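Visitor: Please show me the model, and let me ask what stands behind the labels.
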Amino acid sequence: MNFSQRTSRQRLHSKKSVLNILSERAIYGEPCRSSFQSAHHILKRIETYEPLHLSSLFSIVNKLEETLLHWRPYKFDVLQQFRDLDNEINDLAKRDFDNFNKRCRNSENAKGVRDATLRHVVEVLQRFIASYSLLPENSAYDLETTERMELKGIALEILHNISVEFEGQAKYCAENDIFLNCLFSYLQYDQTCFPACRLLECLMLAKKKVFDLSSVDKLQEIIMRLDDVQLGNFCKILAITLSELDMYENKTLLYAQMTQTKGQNFYTRDVNQDIILGTPSILSRLVNIACAKPFVPWSGVIASGVVESEQWLQWIEDQCNRDLHSDVEPFVGGITMWSESSNYGPAKTSIRMTLELTIRADAVCVLGLLLVGRRRKEVQKELSELKLIPQLSDMFDHFVWRTNSGREYTRLPGHNSSCECSPEVALKIQVLRLIHSFCDHSDYKHVMLSWSEYSEITTLEETTEADFPAWINRNSMCVGLRGLLTKIVEVIKRETGASTFRFWLSRAIESFLRGSFSSADQDFLLRRNLLQHVVQNLITSNIRHKEVLQSSFDLLGELMKFNIAAFIEFNSYMHNTAKQRKLLSLMNSSLVDSNMFIRSLILSYELFTSSGDEDLKAFAQECCYVLCHVGNLKTRINYLQRLLSLINIHTLTQENVSCLNTALVILMFGLQKGELPQYLNFLASNVESCNVATNNNSIHLENLRDLLLFWQDHYLQKDKDCTILEKGSRICFQEWREAVSLMTSNDHRNPCSIAYYTTTAVSSRAS
């Protein structure tokens, strides 16, 4: 701990005023002196007390409590006690309490004594931190001296250290709503902002449910007082409280999520979004933080040719080696208040860059989360007016995209040898996620283009009859000849098949295409040879990551869907049998990953064959091998059966729920053609080619019925946006509803109803 700048012997407060004493004694509605000493006498009688060597910790905490809450302490005295306390906490965290059986009869008793001791430490720190915070603002401001606030910042760091090392203490602190309110109030002060934010982040993660921001007094006023660096740091808290993933205890299984929401109020995230979006100029400030200039990439600091993650790992190794040979005591709280002239630590270039990159990444993350809520359209519009995309395009020019050179480093637990974690990689991924969310079914996605590129698309649009959005603001579009979309395409064409970034690059382009108003957007990308690149990467690269494989198939599906020019180009490239077999093999061996591409092929086949154009019909039925493949009734039945064998209501996740809609598309076209009874009869039969071994002939139909009932619960919610299904399939949502209703009906006489083929009309899910 560096005390060189903290040894002036100033008193924290010169006198004990009445207000001072009352605030200290009434902060929690109880006497200031804790039951610490009484508890100490009780714990000393437990047999595990002596082997734990807790006497020194008791002594330090007792002295700290007296110093902070009763005396008129000198700053030097408190700093010394904080240092001793932090050392004891670190030593306690290193002890192995699971192997105390040799010295005491029960290791759980040892943990109990440890936790009881830590609980008192936490209470003493909480009392000191929260003192004055519940008083009127003007009174508290008069009593909170700079020296006292600096000490509170260190106390927050120590409490953060305890919460990180001991999960039980974090949960205990997280349940104290008064203390959480106190922490939010400390975000607006330089001395306490960063440590309070770190502690809040830890406590928010320890809570079992999403924290309701409406419970924080005057939160919007607090946010408005934060400067840009403080607001950027606060984005860590916003990311946790706005994230949809934290709405449920079960974060993956959709049926479990739906069951959990019944009878409960899970709109906390929406409430939190309303509070943040209701803060004046919040989007403008977040955009300024995310896109602040100058942007100096870490990649430029070290010689080119090395991937960012290797640069960071090399820097970490250098820092560790330097620390081993350094005699300087580490500061207990790290950087408590950031500034060039701060006395809280050396202003190193590497640390400044890390802070800048993480703050940018956090701000970008929050913007992305605000784009996936119920006010998505409103946020998309405002961000386009704030010129977010042109600024991201400018930042994108500074990114350096490199592949891993293959050197192995020792990773932390949870990180494998191919992990490419680094602050700059995180920033790139968050930017691509933000672009994905901004473009997803957006009326403003064409700001991703430059004006010349937009003119190119409008020219392409003149050759089609589809409606094109009338809204466009040239000032909101990208500057120069190349827009952000083109830059992303150029990057993905240079990336290897196993690249970490390929998934998010593919997702960003796919979101631009999804819900397109016409084929002009597809044609624009076809001109840049994107189709050929995606297909070539699929059939020639050994893609190991299923997420990359899935995103590649999804992008290919959006690029080709309903576009005859795309199918002609695809058919021309896939001219030989070897390529065709490789693609079909990949589709069949990874059906969950390829199902969106298969759905795109089926939808396109039905459009071409029903268009009335004989040339289109002939091309789909005779010339294009992939369309011929999905047009075959036997092939569709096989895909339907395999899709249903891969999913059930208890295994549905965001990754595989698309399989249900693909199966439903197959069934709806079967209904249109009068072939639905053939599909259902096949599923009800014990067929030799069945891929699922079962003695129950109707198991596929029972599974299908359960899935369709889930579909109704999932998509017929009053706040569910179902236009995505309509735009993506060009099938009216009413037709989706009627098909599901027909198949799940209890009409035993209708061969289009599942009940016609099953012995019981009631689903097994009802039991």
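Visitor: What share of the 767 residues in the protein is buried?

Guide: Buried residues make up 53% of them, where buried means under 20% relative accessible area, exposed over 50% and partly exposed in between, with a 1.4 Å probe and protein chains only. This is a predicted model, in which local features need pLDDT of at least 70 and side-chain atom pairs count only at pLDDT 80 or more, while totals for chains, interfaces and linings use all residues. Residues are numbered from 1 along each chain as its sequence is written, and side-chain values use heavy atoms, without hydrogens and water.

Visitor: How many helices and strands are in the protein?

Guide: There are 38 helices and 0 strands, taken as DSSP runs (H or I of at least four residues for helices, E of at least two for strands) numbered from the N terminus.

Visitor: Why is the pair of Phe82 and Phe128 called tilted?

Guide: The structure holds 14 aromatic pairs. Rings of Phe, Tyr and Trp (its six-membered ring) pair if their centres lie within 6.5 Å; planes under 30 degrees apart count as stacked, over 60 as edge-to-face and the rest as tilted. The ring centres of Phe82 and Phe128 are 6.4 Å apart and the planes stand at 50°, so this pair is tilted. Phe82 belongs to helix α5 (residues 75-94) and Phe128 to helix α6 (residues 107-130), so the pair ties together parts 46 residues apart in sequence. Both Phe82 and Phe128 are buried.

Visitor: What makes the pair of Phe184 and Phe234 edge-to-face?

Guide: The angle between the planes is 80°, with 6.3 Å centre to centre. Phe184 lies in helix α10 and Phe234 in helix α13 (residues 228-242), so parts 50 residues apart in sequence are tied together. Phe184 and Phe234 are both buried.

Visitor: Which residues make the contact of α10 with α11?

Guide: The axes of α10 (residues 177-185) and α11 (residues 193-206) come within 9 Å and cross at roughly 145°; axes are lines fitted to C-alpha atoms, for helices over the stretch in contact, with angles from 0 to 180 degrees between N-to-C directions. Phe179, Leu180, Leu183 and Phe184 of α10 meet Ala196, Leu199, Leu200, Leu203 and Met204 of α11, contact meaning heavy atoms within 4.5 Å.

Visitor: How do you know that Arg528 lies over the face of Phe524?

Guide: A charge sits over a ring if NZ of Lys or CZ of Arg is within 6 Å of the ring centre and within 35 degrees of the ring normal. Arg528 is at 3.7 Å from the ring centre of Phe524 and lies over its face. Lys579 likewise lies over the face of Tyr573, at 4.0 Å from the ring centre.
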